[in-house]
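Me: I'd like to go over the ligand site and a pocket in this model. Can you start with the terms?

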Amino acid sequence: MSEITQNISQFKASLSEKVTLVAVSKTKPNEDIEEAYAAGQRVFGENKIQEMTDKWEALPKDIQWHMIGHVQTNKVKYMAPYVSLIHSADRLKLFKEINKEAKKNDRIIDVLLQVKIAEEDSKFGMSPENAKEFLEHNTANNYPNVRVVGLMGMASFVDDETQISREFSQLEKIYNTFKDTYGFKVLSMGMSGDYPIALKHGSTMVRVGSAIFGARNYDN
Ligand SMILES: *Cc1c(COP(=O)(O)O)cnc(C)c1O
């Protein structure tokens, strides 16, 4: 059994049925994705639209492609026909653009509102204050072809588990506050290094790259 096959099987066996595993395949070749696919994996995450689109074209059509990286508005059109979930919706301008392109494709695109929970400097995501305001004012409902199905957050890249726990807990609280009104189903938290902590805070979707495919040659 290959290492990728083994890793996928292990994750499937250890994660609760309520948790979705997103296999983060960014920078990895199609052969690696095919191995994971053969092991039953169908949900893959990428952080660059061009790379994801190339892979979508080449690989089986029942793969669900998740965009997990920062999205430039002028590139939304390339993924609008097929993207299954955008984890990184973090500003109004982007909601507007996703709505426009979804409409053109006669689709409703599911997104997660990305919230900045890391105490360390991070560029992307809405601040928790703005996210709460955004949700309270129902701003997302101005975009009929965009459906906000939950929240996404990334903890700081630190060893301090108390800090990571505190950051995930902040997102868990916001999620629970708005869960019923919005019918939220997805709380996307946790990567290779911190997913066990995220699961303790109610994560329903983990984004795991290196623990499945091995270390990446270049990180982005
Ligand atoms: C790369 C990436 C991951 C996966 O990271 P690993 O540490 O390799 O598991 C998860 N989420 C986002 C947003 C990423 O960019």
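Reply: A polar contact here is a pair of N or O atoms within 3.5 Å; within protein, one must be able to donate a hydrogen and the other to accept it, and residues adjacent in sequence count only if both atoms are side-chain atoms. This is a predicted model, where local features need pLDDT of at least 70, side-chain atom pairs count only at pLDDT 80 or more, and totals for chains, interfaces and linings use all residues. Residues are numbered from 1 along each chain as its sequence is written, and side-chain values use heavy atoms, with hydrogens and water left out.

Me: How far is the polar side-chain atom of Arg-216 from an oxygen atom of the ligand?

Reply: The distance is 2.8 Å. Lys-26 also has a polar side-chain atom 2.7 Å from a ligand oxygen. For Arg-207, a side-chain N or O atom sits 2.9 Å from a nitrogen atom of the ligand.

Me: How much of the ligand's accessible area does the protein cover?

Reply: The protein covers 90% of the 390 Å² that the ligand has on its own (Shrake-Rupley method, 1.4 Å probe).

Me: Which residues surround the ligand?

Reply: Among them are Val-24, Ile-68, Met-154, Met-191, Ser-192 and Gly-209, each with a heavy atom within 4 Å of the ligand. By class, the shell has five nonpolar, three polar and three charged residues.

Me: Switching topic: which residues line the second largest pocket?

Reply: The lining includes Phe-11, Lys-12, Leu-15, Glu-17, Thr-20, Leu-21 and Arg-42. Helix 1 (3-14) and strand 1 (20-24) are the elements that give two or more residues to that lining.

Conventions: On a 1 Å grid over the protein atoms alone, a cavity is a set of points where a 1.4 Å probe fits but cannot get out, and a pocket is an open set with protein on both sides within 12 Å along at least five of seven lines; lining residues have an atom within 4 Å of a point. Helices (H or I, at least four residues) and strands (E, at least two) are DSSP runs, numbered from the N terminus. Ala, Val, Leu, Ile, Met, Phe, Trp, Tyr, Cys and Pro count as nonpolar, Asp, Glu, Lys and Arg as charged, and the others, Gly among them, as polar.
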